[in-house]
Amino acid sequence: MDTQPRLESWVSGAAYDPFMGRWSGRIAHEFLRWLGPRGGECWLEMGCGTGALTRTITEMTAPGLVLATDRSTAYVTYARQRADAPVRLVAADATRLPIRPGVAHTVVSGLLLNFLPVPAAGVLEMVRVARVGGTVAAYVWDYAGGMELLRFFWDTAVELDSTAASLDEGGRFPVCEPRELTRLWQEAGLVEVQSSAVQVPTLFHDFEDYWDPFLGAQGPAPAYAASLSGPHRVALRERLRARLPRGTGGQIQLSARAWTVRGRRAPT
């Protein structure tokens, strides 16, 4: 990971949810539909963030147990306040999970892998805690093309400030495409590897509904917006206001695509 992410902050679930959390739950639902999970299983979720995927697992699968982890203690606290039984949440580094090998039928990670310094290390840890024959799966936003709310933001930001290109997730995160995800899964020794795309609409009621969450400083784009001086932030805001497509009543209809990957842990 480059040196620029020092601007990023992951300390406020209340600020993250209006920005990305409201779409995280929807894409988690599509991911689980694609995964086709069975009820009664033990799940391990790596990088639960504010708990969007955690909650969706409990809603859609009737799990026996969900063990969810995240490095941010603030996000774990936030997710714990919204979690339903049977969920256990713990703060832990994704590459050093305090969980014994082979405990989970299904190991998942949502929107995390690209933020790890070494994504392959995270995948190997997922494999370690999966049972033989268990499923290991993940999804990441398609930052380079299919995550429209961020593409509009970064393309406009770079027009006004060329240095913003170094923070754009579309360039920073090469893991966020199906060939790279497939390679990571295969090199981790997983078999029956498959990758696909899932997509959800992202409807903003008006421009403020789109723009205001960028002021919460949670994640690369909001952190960049927060780092700007007042006049530069206003210039970015107004350029975006002029550029974003509008529908009836000023609504902004965009879409968000994520890439998924899954595989099975083979006997060693």
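Predicted model: local features only at pLDDT ≥ 70, side-chain atom pairs only at ≥ 80, totals over all residues.
1. Overall make-up. The chain holds 10 helices and 7 strands. Its radius of gyration is 18 Å, close to the 18 Å that the globule rule gives for 268 residues, so the chain is as compact as a globular protein of that length. The C-alpha trace spans about 55 × 35 × 30 Å along its principal axes.

2. Of the 268 residues in the chain, 53% are buried. Among contacts with a separation of 6 or more, 76% are between residues 24 or more positions apart. The accessible surface of the chain is about 11,500 Å², and carbon and sulfur atoms account for 52% of that surface.

3. The second largest pocket. This pocket has a volume of about 310 Å³. Strands E4 (104–110), E5 (130–141), E6 (190–204) and E7 (252–265) are the elements that each give two or more residues to its lining. Strand E5 supplies the largest share, with 5 residues. The lining has 18 residues in total, and Leu35, Arg38, Gly133, Gly134 and Thr135 are those nearest the pocket centre. By type, the lining residues of this pocket divide into 4 nonpolar, 8 polar and 6 charged.

4. Serine 255. This residue is part of strand E7. Its relative accessibility is 17%, and serine 255 therefore counts as buried, the cut-off being under 20%. Proline 201 is 54 residues away from serine 255 in sequence, yet their C-alpha atoms are 4.2 Å apart in space. Setting aside residues up to four places away in sequence, serine 255 touches Gly146, Met147, Glu148, Gln199, Val200, Pro201 and Thr202.

5. Aspartate 142. Is this residue buried or exposed? Aspartate 142 has a relative accessible area of 5% and is buried. Its place is in the loop between E5 and helix H5 (148–160). Beyond its neighbours within four places in sequence, aspartate 142 is in contact with Met147, Cys176, Arg257, Ala258 and Trp259.

6. Helix H2. This helix covers residues 52–61 and is mostly covered, with 7 of its 10 residues buried. Those buried residues are Ala52, Leu53, Thr54, Thr56, Ile57, Thr58 and Thr61. What do they pack against? The partners are helix H1 (13–35) together with strands E1 (42–46), E2 (65–70), E3 (87–91), E4 and E5. Strands E4 and E5 also give residues to the lining of the second largest pocket.

7. Alanine 62. Just after H2, alanine 62 takes a positive phi of about 50°. Alanine 62 sits in the loop between H2 and E2. With 55% relative accessibility, alanine 62 counts as exposed, since the cut-off for that class is over 50%.

8. Leucine 67. This residue lies in strand E2. Its relative accessible area is 16%, so leucine 67 is buried. Apart from neighbours within four places in sequence, leucine 67 is in contact with Cys42, Trp43, Leu44, Glu45 and Arg88. Valine 107 is 40 residues from leucine 67 along the chain, and their C-alpha atoms are separated by 9.4 Å.

9. Alanine 85 and proline 86 are joined by a cis peptide bond, with omega at about 0°. Proline 86 is in the loop between helix H3 (73–80) and E3.

10. Alanine 217. Phi is positive here too, near 65°, in a residue other than glycine. Alanine 217 is located in the loop between helix H8 (207–211) and helix H9 (220–227). At 23% relative accessibility, alanine 217 counts as partly exposed.

Notes:
Residues numbered from 1 in each chain as written. Heavy atoms only, no water. 1 Å grid on protein atoms, 1.4 Å probe; cavity = no way out; pocket = protein on both sides within 12 Å on 5 of 7 lines; lining within 4 Å. Points joined across faces, edges and corners; volume = space filled by probe spheres on them. Helix = DSSP H or I, 4+ residues; strand = E, 2+ residues; numbered from the N terminus. Nonpolar A, V, L, I, M, F, W, Y, C, P; charged D, E, K, R; others polar. Rg over C-alpha atoms; globule rule 2.2 N^0.38 Å. Buried < 20%, exposed > 50% of the residue type's maximum accessible area, 1.4 Å probe, protein only. Contact = heavy atoms within 4.5 Å. Areas by Shrake-Rupley, 256 points an atom, 1.4 Å probe, with all protein chains shown as cover.
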